[in-house]
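Please show the sequence and the 3D structure.

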Amino acid sequence: MINITGLKINKNSSSKRIVDIKIKEEIIIELINLFKRFDLTAIEYKPFTRFTVAKYLDDLTKNELSKYLNDILRDRKTGCFIIGPEDITNEVDDNFLVKLSTAITHLIGIPNHDSMSGKFYARFHVKHEDKSDSYLRKAYNNLDLHTDGTYVKEITDWLMMTKIHEKNAKEGESVMLHLDDWESCDELFNDPIGRENFIWGSPKSKNVDYKVMHPIFTEDNNGFPQISYIDQFPEPQNMIQGLFLQKLSDALEGSKNKLILKLSIGSAIVANNHFWLHGRRPFKLNKNLSRELLRIRGSFITN
Ligand SMILES: [Fe+2]
C-alpha cells in the first residue's frame with residue numbers, strides 16, 4: 001500500500017478490492033479548525049465553497065489524496081474505499097462529518113442534486129417505525145443489492161454513504177458485491193434481455209416526476225460489464241422482462257461472494273456505482289433503534 005502523509009492505508013480485512021483509509025488525528029484537528037470558516041448553510045448554498053473544503057483536505061495530504069481516491073474508484077480491480085477519522089472525538093460531530101464527506105466527494109467529482117432532500121446530499125434516519133414507500137428506511141427488511149441513480153437522468157458514477165450516528169443498532173450491516181465476483185455475471189450479462197431498454201420509475205418520496213429508459217447491462221470502454229439495477233423501480237412490460245428481473249434478483253441475493261461490512265460511526269463507504277452493488281441486511285428488532293446516514297452520489301470530473 002502507498003504512504004500518504006496523515007493517513008493510515010490498509011487493505012480491508014474482508015476484501016482485497018476495498019481500501020481502508022483512516023485519517024489521523026493531526027489532520028482531523030487541523031480540519032476542524034479550517035472548516036470553522038464555513039457553516040453548513042454556506043456549504044449548501046455556495047457550490048464553490050465545497051471545493052474550498054476539499055482543497056483543505058487535499059493540501060493536508062500534500063495533494064496526494066485526490067489522485068489516490070480517483071485511482072481506486074476508476075480501477076476495475078478495486079473501485080471501493082472506506083474512509084473516516086481514526087479517532088472519533090466530541091468535535092467530530094454531525095456537522096463536521098457533513099463537511100468532511102463534502103470534502104471527500106469534491107476530490108472525486110461533482111455531486112448530483114438529490115431530489116429526496118433538495119440538496120447535493122441527503123441525511124436520513126432508519127428507525128424502528130417507518131411509514132415510507134421505499135425499502136431504504138425499512139429497518140427490518142433486507143435492502144437488496146442494487147446500484148444508485150437507476151431512475152434519474154443524471155449519470156451516477158460513484159456513491160458515498162457515511163454513518164453519521166447510531167444507537168441501539170445491531171446487525172443492519174452493509175452488503176457489497178463486485179460484478180467480477182458474482183457467479184452469474186457472465187450468464188446474465190450475455191443474455192440479450194439484459195441489454196434491452198427497461199422503463200424505470202420511482203415512488204413519490206423520491207420526488208422525481210419522470211421515467212427513464214435504459215438497459216440493465218452495458219459495457220465499459222474495455223468491454224467489461226456494467227450494471228444499473230434496483231429491484232423496486234424497473235417496470236417490466238411483459239413476462240420475459242418480468243422473469244429476467246426475478247432471475248437477476250435471485251442470482252444477486254443468492255451470491256456467496258457478497259461482502260458483509262460493518263461500518264464504524266464517522267466512516268464512509270465510497271464505491272464505483274457501475275460495477276459495485278450495495279445493500280443492507282435487516283436490523284435486529286429494537287424499539288429504540290436509530291441510525292443516521294448521509295449519502296452523496298455524483299459523476300466524475302472528465303478532464
Ligand atoms: Fe442505494
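Questions and answers on this model follow.

Reader: What is the basis of the model, and how are residues numbered?
Author: This is a predicted model, in which local features need pLDDT of at least 70, side-chain atom pairs count only at pLDDT 80 or more, and totals for chains, interfaces and linings use all residues. Side-chain values use heavy atoms, with hydrogens and water left out, and residues are numbered along each chain as its sequence is written, from 1.

Reader: Which residues coordinate the iron ion, and at what distance?
Author: Donors are N, O and S atoms within 2.8 Å of the metal (3.2 Å for Na, K and Ca); water is not among the atoms, so sites may look incomplete. For the iron ion, the coordinating atoms are NE2 of His146, OD of Asp148 and NE2 of His278, at 2.2 Å.

Reader: Is Asp148 buried or exposed, and what is the relative accessible area of His278?
Author: Buried means under 20% relative accessible area, exposed over 50%, and partly exposed in between (1.4 Å probe, protein chains only). Asp148 is buried, at 11%. His278 is also buried, and its relative accessible area is 5%.

Reader: How many salt bridges does the structure hold?
Author: A salt bridge is a side-chain nitrogen of Lys or Arg within 4 Å of a carboxyl oxygen of Asp or Glu. The structure holds 21.

Reader: What is the closest N and O distance between Glu166 and Arg291, and which strands hold them?
Author: Glu166 forms a salt bridge with Arg291, with the closest N and O atoms 2.7 Å apart. The pair links distant parts of the chain, 125 residues apart: Glu166 is in strand S7, and Arg291 is in strand S16 (residues 290-300).

Reader: Where do Glu173 and Arg281 lie, and how many residues apart in sequence are the parts they tie together?
Author: Glu173 forms a salt bridge with Arg281, the closest N and O atoms being 3.4 Å apart. Glu173 lies in the loop between S7 and strand S8 (174-178), and Arg281 in the loop between S15 and S16, so the parts tied together are apart in sequence by 108 residues.

Reader: What is the relative accessible area of Glu173, and of Arg281?
Author: Glu173 is buried, at 11%. Arg281 is partly exposed, at 34%.

Reader: Which residues do salt bridges that share partners join into one network?
Author: Glu187 is partly exposed, at 49%, and Lys247 is partly exposed too, at 41%. The network of salt bridges that share partners joins Asp114, Asp148, Arg295 and Arg297.

Reader: Which side chain of opposite charge is nearest to Asp58, and how far away is it?
Author: Lys and Arg count as positive and Asp and Glu as negative; His and the chain ends are not counted. Asp58 lies in helix H3 (residues 47-60). Asp58 is buried yet has no salt bridge; the nearest side chain of opposite charge is Lys55, at 5.2 Å.

Reader: At what angle do H3 and H5 pack?
Author: Axes are lines fitted to C-alpha atoms, for helices over the stretch in contact, and angles run from 0 to 180 degrees between N-to-C directions. Angles under 35 degrees count as roughly parallel, over 145 as roughly antiparallel, 65 to 115 as roughly perpendicular and the rest as oblique. H3 and H5 are therefore roughly perpendicular. With axes 8 Å apart, H3 and helix H5 (residues 94-105) pack at about 85 degrees.

Key: Helix = DSSP H or I, 4+ residues; strand = E, 2+ residues; numbered from the N terminus.
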